[in-house]
Amino acid sequence: LASNRLDGDFMKQVALCHYTSQYNPPRKAFDFYAAAALVHFMRSKDLCGLPQSRLFYSAEYGLSLVGKSETWEATLKSYISRIDTKLDPGDSDFIKTKKEYFQREISVMRTIEDLPQLLVRDIKFKLDLVSKELFVVKTPKRLIITSGDTSDVDGFLALAEYSKTGADALFVMNYPGYVGENADDDNYHLSHPGLGYKYTSEQVFKSQTKEIPTYTEFLQRYEKLSPNEMMKGAMTDIGFAITQKVWEDLPTESKGNCFFCIGGINAINPFSAKAVKNEILVYHSTIPKESKRIDPVEGTFYDMSGKQQPELDLLQYDEIYMDFNGSMAFFEEKWRARLSHPAVAQRICGVFIMGGVYADATPMTMPSIPNVLNRFSSATMNQLYHPPRTAAFFTMLAQNRHIPVFTITNNVVDDLTTFSDAEKKVKTMDGVTKFLASNRLD
């Protein structure tokens, strides 16, 4: 945080809530990498010369494999060849389970026939934003569309990065799949490998609730609502409040406007009800009691005062940039038509996809974990949340070949974890704090 100048007072508070929560989340700022690449490209336009790769994507399983091979068959063969599934006598129970789930995953993947592909430019460079400023006589009017949620802090790190550019930003808030479920199915994951779990918000509240006075008081704002409505309402208000404060957190000479849009509900819950993070429990303490209540109607736009706005006119912008830092659950027909309109599509200067894994490298992402996680190792979270709408988005990009598409795979994201002891058992915030500052997010 410090080395990237991301350690604003509120940003540090939100990062502290996330990284030190009871869920012990991984310390990899995935979405920030896509944001940094987008900002660098917006300033310098020097990424178009990167060699092209192919992204193969499944609309069913959320697979996102990036490689050099021209066919799905060759790409799959390359990926499988790098997965170690041989059981050794010295393997721990965890490693044995991991290998068994890789075996199960591979058996299913071998049944998948040809997948569609998207040409992308793969980014593998070290970031050095401080020395890569671009000075122009006339600054075009720019918009950055970023998809996000409250499941991780990295999307807000990305938003903080965008706040330094002078561009306007549209933060599209999406929601976990359980918000839209009406019934629990405890055996769903057994018959649907790689496709998550089925449960409702009520299950999350029951399994992930603590007797904390501030948490109980916060939820009283929604006590007349159903569990699903309560969860969506609370997530919306928290998401809006964090967006508002992050956008205002960093001082800049010419800050653009930020808008907030209610997105869609994910199709898949990758984590089980017992393992998923209760986002209300994690972030409620960062939200002031007098925070704005936002009506979570899909497709609605708000400014940073919480005032509802008409649909954002995309034609007012000279340049539009998009990241794929969250779910594509919002990408329903109206959004597809909006971005596919020729006058709008020609203004889209770049799309930056955070996700995918290299088909020619050993997997760094986990396969399924019993009773915790039900996804394939090549199905990165952003793409897995809503596979059909992700596929629709990739199809739109394939139909508009003039739009440069960049991938920042999970393989290139560094771990910010630091420890205070030689045994590496006690985590510290040093790595996160230095990251914020070095990226000017402090």
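**How confident is the prediction?**

The protein chain has an average pLDDT of 88, and 95% of the residues score at least 70. Residues 127-138 are a stretch to treat with care: the pLDDT there is below 50. Beyond near neighbours in sequence, this stretch has 20 contacts in the model. Where pLDDT is low, the predicted coordinates should not be read in detail.

**Salt bridges**

Back to Glu-333, whose partner in a salt bridge is Arg-336. Both residues lie in helix H11 (residues 333-340), three residues apart, which is about one turn of the helix. Arg-336 is partly exposed too, with a relative accessible area of 31%. In total, the count comes to eleven salt bridges. Here are some of them, with the N to O distance:

| Salt bridge | Distance (N to O) |
|---|---|
| Arg-336 and Glu-333 | 2.8 Å |
| Glu-161 and Lys-164 | 2.8 Å |
| Lys-99 and Asp-84 | 3.5 Å |

Glu-161 and Lys-164 are both buried. Lys-99 counts as buried at 6% relative accessibility, whereas Asp-84 is partly exposed at 45%. These two residues also belong to a network of salt bridges with Asp-88 and Asp-91.

**Aromatic rings**

Now for the rings, where the count comes to 19 aromatic pairs. One of them is Tyr-61 with Phe-376, a stacked pair with 5.0 Å from centre to centre and 25° between the planes. Tyr-61 sits in the loop between strand E1 (52-57) and strand E2 (64-67), and Phe-376 in the loop between strand E11 (357-358) and helix H13 (381-384), so the pair ties together parts that are 315 residues apart in sequence. Tyr-61 is buried at 12% relative accessibility, and Phe-376 is buried at 2%.

Phe-324 and Phe-393 meet edge-to-face, because their planes are at 85°, with the centres 5.8 Å apart. Phe-324 is in strand E9 (residues 319-324) and Phe-393 in helix H14 (residues 387-399). Each is buried, at 0% for Phe-324 and 0% for Phe-393. Ring pairs also link these two into a cluster whose members include Tyr-57, Phe-301 and Trp-335.

Finally, some rings have a charge over the face: Lys-141 lies over Tyr-317, 5.2 Å from the ring centre, and Lys-232 lies over Tyr-175, at 5.1 Å.

Conventions:
Residues are numbered from 1 along each chain as its sequence is written. This is a predicted model: local features need pLDDT of at least 70, side-chain atom pairs count only at pLDDT 80 or more; totals for chains, interfaces and linings use all residues. Side-chain values use heavy atoms; hydrogens and water are left out. pLDDT is the predictor's confidence in each residue, from 0 to 100. Contact means heavy atoms within 4.5 Å. Rings of Phe, Tyr and Trp (its six-membered ring) pair if their centres lie within 6.5 Å; planes under 30 degrees apart count as stacked, over 60 as edge-to-face and the rest as tilted. Helices (H or I, at least four residues) and strands (E, at least two) are DSSP runs, numbered from the N terminus. Buried means under 20% relative accessible area, exposed over 50%, partly exposed in between (1.4 Å probe, protein chains only). A charge sits over a ring if NZ of Lys or CZ of Arg is within 6 Å of the ring centre and within 35 degrees of the ring normal. A salt bridge is a side-chain nitrogen of Lys or Arg within 4 Å of a carboxyl oxygen of Asp or Glu.
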